[in-house]
Amino acid sequence: MSIYILGIESSCDDTAAAVFCDNVMLSNVIAGQDIHRLYGGVVPEYASRAHQQNIIPVIEQCLIKAKINKKNIHAVAFTRGPGLLGSLLVGTSFAKAFALGLGIPLIEVDHIHAHVLSHFIVEQGNDKAIPPFPFLCLVVSGGHTQIILVKSHFEMEVIGQTIDDAAGEAFDKGAKILGLPYPGGQMVDKNALGGNPHAFTLPEPAVGELDFSFSGLKTSFLYLVRDHLKINPNFIEENLANLCASLQYSIVKILTGKLENAVRKTGITHVAVSGGVSANSALRSALLQGQAENKWTAYIPATVYSTDNAAMVAVTGYYKYISNRFAAQNTSPYTRT
Ligand code: KG4
Ligand code: ZN
């Protein structure tokens with residue numbers, strides 16, 4: 001029997017829903033929230049309000065696109081955390097009401113778990129390679145930077161992580177220093193095009209073999225820009241591409257260097273990347289370059305599955321459904337891992 005799952009993601013500033021038939025995607029809808037652009041970052045209170053406004057239309061559209069009646073859904077999966085409390089509460093409460101109203105089970109999903117399992121999303125008519133177990137997954141998002149040893153759909157071991165900022169934060173803070181609009185990571189990527197990645201040298205952190213640190217890099221970047229601005233007030237405009245390319249190069253070098261260490265240490269050569277920063281063009285190129293040099297086999301998600309989406313929640317929900325992992329109606333969100 002085919003299992004139909006509705007997935008809901010509302011951990012930060014994207015209201016998203018997806019319908020899956022088993023592990024195959026039928027629809028995937030995302031409503032972003034432009035309001036945060038005015039403030040240069042996500043404003044939690046506005047995010048919760050926008051989720052409230054968006055959730056019903058997003059789910060309705062998602063069911064229409066999947067050509068499915070809600071009565072045919074077998075279970076509803078939702079992101080329980082980590083994320084912003086007000087944002088998570090909207091998706092959680094909606095999922096509970098939906099499940100209760102239809103008398104179907106509720107499935108809680110961890111956001112990072114979902115980013116890892118985004119590699120198991122199957123699109124109709126597109127047979128993309130799925131990583132075999134065990135594989136290494138570099139999860140790089142706005143709040144997390146981890147290397148995870150993935151042994152099965154549910155058995156995962158964090159073997160390395162950041163001791164301070166996440167890679168996404170390094171991109172976002174770098175963008176802010178340059179006066180680029182939110183969302184910063186994407187803007188750095190865009191403006192790095194044609195820039196010289198070796199124009200400015202930033203320090204590499206001295207941390208454990210598999211751990212990350214980005215706060216030193218951020219401070220060095222801030223001082224570099226500040227010192228040059230004292231001499232030349234047009235320094236940023238005149239060097240924007242080189243600054244973005246150099247910042248991006250340094251972050252990507254740290255990420256791929258740690259992945260190389262993880263491959264050497266574990267002997268595992270199947271390497272996947274997930275989370276918003278995996279949309280970065282330089283990181284994607286570096287992973288493909290590593291594959292061309294026989295360092296690993298790379299698994300890179302389509303950009304729509306790199307950044308926050310509900311397809312990854314629905315596919316995780318499917319794997320939880322077939323192993324009877326359900327949530328209770330009194331489940332409440334968590335903000336941190
Ligand atoms: O996974 P995600 O969408 O949300 C979280 O779970 O945090 O990741 C968001 C992060 C942000 O820091 C954003 O700047 C970064 O992913 N990001 C990028 C790119 N697209 C999104 N960073 C670098 N290059 C990109 N193209
Ligand atoms: Zn995320």
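I take a polar contact to be a pair of N or O atoms within 3.5 Å. The model I am reading is predicted.

**Entry 1: polar contacts of ligand 1.** I looked up the backbone first: a polar backbone atom of valine 277 lies 3.5 Å from an oxygen atom of ligand 1. I then turned to side chains. Histidine 111 places a polar side-chain atom 3.0 Å from an oxygen atom of the ligand. For asparagine 280, I noted a polar side-chain atom 3.0 Å from a nitrogen atom of ligand 1.

**Entry 2: cover and shell.** On its own, ligand 1 has 550 Å² of accessible area, of which the protein covers 87%. I found that α3 (111-117), α4 (167-177) and α5 (184-192) are the elements giving two or more residues to the shell. In total, 18 residues surround the ligand, and Gly142, Asp172, Asp189, Gly276 and Asn280 are the closest. Sorted by class, the shell holds 12 polar, three nonpolar and three charged residues.

**Entry 3: the zinc ion.** I listed the protein donors of ligand 2, the zinc ion: His111 (NE2), His115 (NE2) and Asp308 (OD), at 2.0 to 2.1 Å. Their spacing in sequence reads H-x3-H-x192-D. Histidine 115 sits in helix α3, whereas aspartate 308 belongs to the loop between α9 (303-306) and α10 (311-322); the pair, 193 residues apart, links distant parts of the chain.

Entry 4: Are histidine 115 and aspartate 308 buried or exposed? Histidine 115 counts as buried because its relative accessibility is 0%. Aspartate 308, at 16% relative accessibility, also counts as buried, since the cut-off is under 20%.

Conventions
Residues are numbered from 1 along each chain as its sequence is written. Chains are lettered from A and ligands numbered from 1 in the order in which they are written. This is a predicted model: local features need pLDDT of at least 70, side-chain atom pairs count only at pLDDT 80 or more; totals for chains, interfaces and linings use all residues. Side-chain values use heavy atoms; hydrogens and water are left out. A residue is near a molecule or strand if one of its heavy atoms lies within 4 Å of it. A polar contact is a pair of N or O atoms within 3.5 Å; within protein, one must be able to donate a hydrogen and the other to accept it, and residues adjacent in sequence count only if both atoms are side-chain atoms. Accessible areas come from the Shrake-Rupley method with a 1.4 Å probe; for residues, only the protein chains shown count as cover. Helices (H or I, at least four residues) and strands (E, at least two) are DSSP runs, numbered from the N terminus. Ala, Val, Leu, Ile, Met, Phe, Trp, Tyr, Cys and Pro count as nonpolar, Asp, Glu, Lys and Arg as charged, and the others, Gly among them, as polar. Donors are N, O and S atoms within 2.8 Å of the metal (3.2 Å for Na, K and Ca); water is not among the atoms, so sites may look incomplete. Buried means under 20% relative accessible area, exposed over 50%, partly exposed in between (1.4 Å probe, protein chains only).
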